[in-house]
Amino acid sequence: MKVTGISTRLLSIPFRRPDEWSAGAARGITTVLVVIDTDEGLRGIGEANGDRSARAVAEAIETMAPYVIGREPFDLEPIVQDLMESGKWRNVRPFANQAIAGIDIALWDIIGQSAGQPVCNLLGGRVHKEIDFFWYVQRDDPARMAAEARQAVADGYGVLYIKIGIGDFEDLEAVAAVREAVGPVPKLRVDANEAWAPGRAVSMAHRLAPYGIDFLEQPTTARDFAGLAAVRARSPIAIAANQSAFTVQDVLEVIRHEAADLIVTGPHQAGGLLAMKKAAILAEAAGLPINRHAVGECGVGAIAGLHVCATMPNLTDGNQTHHQMLVDDILESPLVFRAGKLAVPMTPGLGISLDWDKVERFAEAFEHDGQISTVAAPRDA
């Protein structure tokens, strides 16, 4: 069986309401649907994160296509090696990984269909039959955030997640309101998205500690491994590395620097399901749990992530998805969260069926309105 073609569709899908974080506010996502066809009639579906520029990601996939077309779908490792070496993508790995992830996911879909097995079985088998997710309490008036958090806990979510780094007083007020609303039991995680210098991060960690924070995600800039390690050494709260753990190579640097208590990354960052599995193995060898990261994905990426997460012994609860924020999705059957959990599909391949009318609708939205960008927000002085 050989790959005969790769195509992409750029989709813009709005959020139900704007998503505010430390560097701005997003109105939705622009993502890249990847379709790979074979000479035996099998078709694989993947998704590449379109953050920053979906056009650039789609162009990268088009440039990568000659290294994939004519190859067997099973040649995942040699294809990635050829892309990194002959294709010269190695020295721009974080961006390259966004594109490669879409190709990798679609190839796994074909491999699973060909083998008559769900992808999770081919990645080592299920350790988890369902994956637990957080509820993302979006920034808003503290009273509305508190009400949303109470409802999420009533719906069965055991982990809540809040963006901080917007302003010290506002951050503390939001966290306090949510903790008071839900009581001491639900886990509460906060993400500063690289907002602070190390000293300020330590100060804020001490101010946040009384609210029972499960972990503080990426308080400092991505490439400052030493700074993140210094924060971890002085923080009363566990520190999670996300932007600092973007690639598998970054995960190794976090481990070497003893910079985090937990790794947060995803297939869109690591470069696909196989790379995500490698990141989890590295973390497991270092005695670190791993949390699945998500940004700007629809149901395709969400389902793909279920398969690799199912095989990770060191996976945490409260994994990440922003899927509930979308006004709609392109799946034929919507994802159904039960008490914050999604079941891992056990049909051959990834188990993805698309509603092509919705694909066309969101592709037309991209053609009409273009990339859904993040609107800059002023930082706290």
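Hi everyone, let me start with a term: two strands pair if DSSP finds at least two bridges between them. Strands (E, at least two residues) and helices (H or I, at least four) are DSSP runs, numbered from the N terminus.

A word on the source: this is a predicted model, where local features need pLDDT of at least 70, side-chain atom pairs count only at pLDDT 80 or more, and totals for chains, interfaces and linings use all residues. Residues are numbered from 1 along each chain as its sequence is written, and side-chain values use heavy atoms, leaving out hydrogens and water.

So, the sheet. Seven strands form an open, parallel sheet in the order β5-β6-β7-β8-β9-β10-β11. At its edges stand β5 (135-136) and β11 (290-292), each with a single partner strand, so one side of each has no neighbour in the sheet. Within it, β7 (residues 187-191) and β8 (residues 213-217) pair in parallel over four bridges, and V190 stands opposite L216 in β8.

Next, salt bridges, meaning a Lys or Arg side-chain nitrogen within 4 Å of an Asp or Glu carboxyl oxygen. The count comes to 23. One of them joins R223 and D250 at 3.0 Å, N to O. R223 sits in the loop between β8 and α8 (225-234), and D250 in helix α9 (residues 248-257), 27 residues apart.
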